[in-house]
Amino acid sequence: MITGRTALYGVLGHPVVHSRSPEMQNAAFARAGVDAAYVALPVAPEALPAAVAGAHALGFSGLNVTVPHKRAALPLCTSVDPAAAAVGAVNTLRRAAPGWEGFNTDAPACLALLEAAGLSSGARALLVGAGGAARAAAWALVRAGAALRVAARNADAARALADDFVAAARPGTPAPRAVPWDALEAESDAADAVVNGTSVGLAGHAASLPGVRFHAGQVAVDFVYGDTAFARDARAAGARLVTGEQILVRQGALAFTLWTGRPAPEAAMAAAVARAAGSTR
């Protein structure tokens, strides 16, 4: 039951109706015995500054930020953690007296899942995209010691992302560099890992990435959750798939701990996401 003492949390996005974060975080609060409620908050890009300020004024304890707001939300924070500063995007906000503290939990979540999938230092990685999710993936891939190649429809954005992470590359690892969008087939064939950091596969967006191919043993990471063409094709090829659901749960667990100071009930969160997926089929 929601009372005057219930802590409020939410996710800002445009669109946000597809988000499974409410089911996931409400299940976490219930399992942990935290008096809190989490809701989806649709916010158009031009309304983001007012929404972020308004949520603080209304007493929200924390927020998540999803597509397309992750980069735009960073300057609205009074402070940011080192990962968010390096990535240039936030996806988790925590209430503080003067404003919002910003964090990027996508980046460490992606790194942990890449390492669990067996990505080794020196592996060649193709990152598709140049937005907030792609920047978190770039941080993770460079931290993992991968030789990073970036492709985006906007070639200037791909070059800018690659350039931003040159200084973070490990000694002896080739510097991140942009590759042409029309080279996706050849680049994915040569890659040890392929990461979809775009909104392709999300409802209302393109269904598949043109030219991307997979092969057995390759690591494939999809930041979009659901039954995407990327995930289906990767599974069919025998790639080691990291799903959008896995990233959602891992980053959500990190956010839960930032908000509450408690270990996240990650199994309960994963079960809630799976139930939500089943209810939409």
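## A parallel sheet and its packing

Strand E7 (residues 124-128), helix H5 (residues 132-143) and strand E8 (residues 147-151) build a β-α-β unit that is right-handed; that is, with the strands pointing away from the viewer, the path from the first strand over the helix to the second runs clockwise. Helices (H or I, at least four residues) and strands (E, at least two) are DSSP runs, numbered from the N terminus. The model is predicted: local features need pLDDT of at least 70, side-chain atom pairs count only at pLDDT 80 or more, and totals for chains, interfaces and linings use all residues. Residues are numbered from 1 along each chain as its sequence is written, and side-chain values use heavy atoms, with hydrogens and water left out.

**The sheet**

An open sheet is formed by six strands in the order E9-E8-E7-E10-E11-E12, with parallel pairing. Two strands are taken to pair if DSSP finds at least two bridges between them. Strands E9 and E12 (240-242) are the edges, each pairing on one side only.

| Strand pair | Sense | Bridges |
|---|---|---|
| E7 and E8 (residues 147-151) | parallel | five bridges |
| E7 and E10 (residues 193-196) | parallel | four bridges |
| E8 and E9 (residues 177-178) | parallel | two bridges |

Arg 124 has Ala 147 of E8 as its bridge partner, and Val 128 stands opposite Ala 151 in E8. On the E10 side, Val 128 is partnered by Asn 196. Further along the sheet, Arg 149 stands opposite Arg 177 in E9. From E8 the chain crosses through H6 to E9, again in a β-α-β crossover that is right-handed.

Four of the five residues of E7 are buried, where buried means under 20% relative accessible area, exposed over 50% and partly exposed in between (1.4 Å probe, protein chains only). In E8, five of the five residues are buried. In a regular strand the side chains alternate between the two faces of the sheet. In E8, Ala 147, Arg 149 and Ala 151 point one way, whereas Leu 148 and Val 150 point the other way.

**Nonpolar cores**

A nonpolar core is a set of buried Ala, Val, Leu, Ile, Met, Phe, Trp, Tyr and Cys residues joined through side-chain atoms within 4.5 Å. The largest such core has 39 residues, and Leu 127 and Leu 141 have the most contacts inside it. Elements giving two or more residues to this core are H3, H4 (106-116), E7, H5, E8, H6 (155-164), E10 and E11 (219-222). The most comes from H5, with nine residues.

Leaving aside neighbours within four places in sequence, Leu 127 is in contact (heavy atoms within 4.5 Å) with residues including Ala 134, Ala 137, Ala 138 and Leu 141, as well as Leu 148, Val 150, Leu 161 and Val 195.

**Asn 91 and the loops**

Asn 91 is placed in the loop between helix H3 (82-87) and strand E5 (92-96). At 2% relative accessibility, Asn 91 is buried. The Asn 91 side chain reaches the backbone nitrogen of Thr 105 at 2.7 Å, within the limit for a polar contact (a pair of N or O atoms within 3.5 Å; within protein, one must be able to donate a hydrogen and the other to accept it, and residues adjacent in sequence count only if both atoms are side-chain atoms). Beyond four places in sequence, the contacts of Asn 91 include Leu 63, Asn 64, Val 65, Lys 70, Phe 103 and Gln 251.

Two loops contain cis peptide bonds. His 14 and Pro 15 are joined by one with omega about 5°, and Pro 15 is in the loop between strand E1 (7-13) and helix H1 (21-32). The bond from Val 67 to Pro 68 is also cis, with omega near 5°; Pro 68 lies in the loop between strand E3 (62-65) and strand E4 (79-80).

**Cysteines**

A search of the whole structure finds zero disulfides, a disulfide being a pair of cysteine sulfur atoms within 2.5 Å. Cys 77 is buried, with a relative accessible area of 12%, and Cys 110 is buried at 1%.
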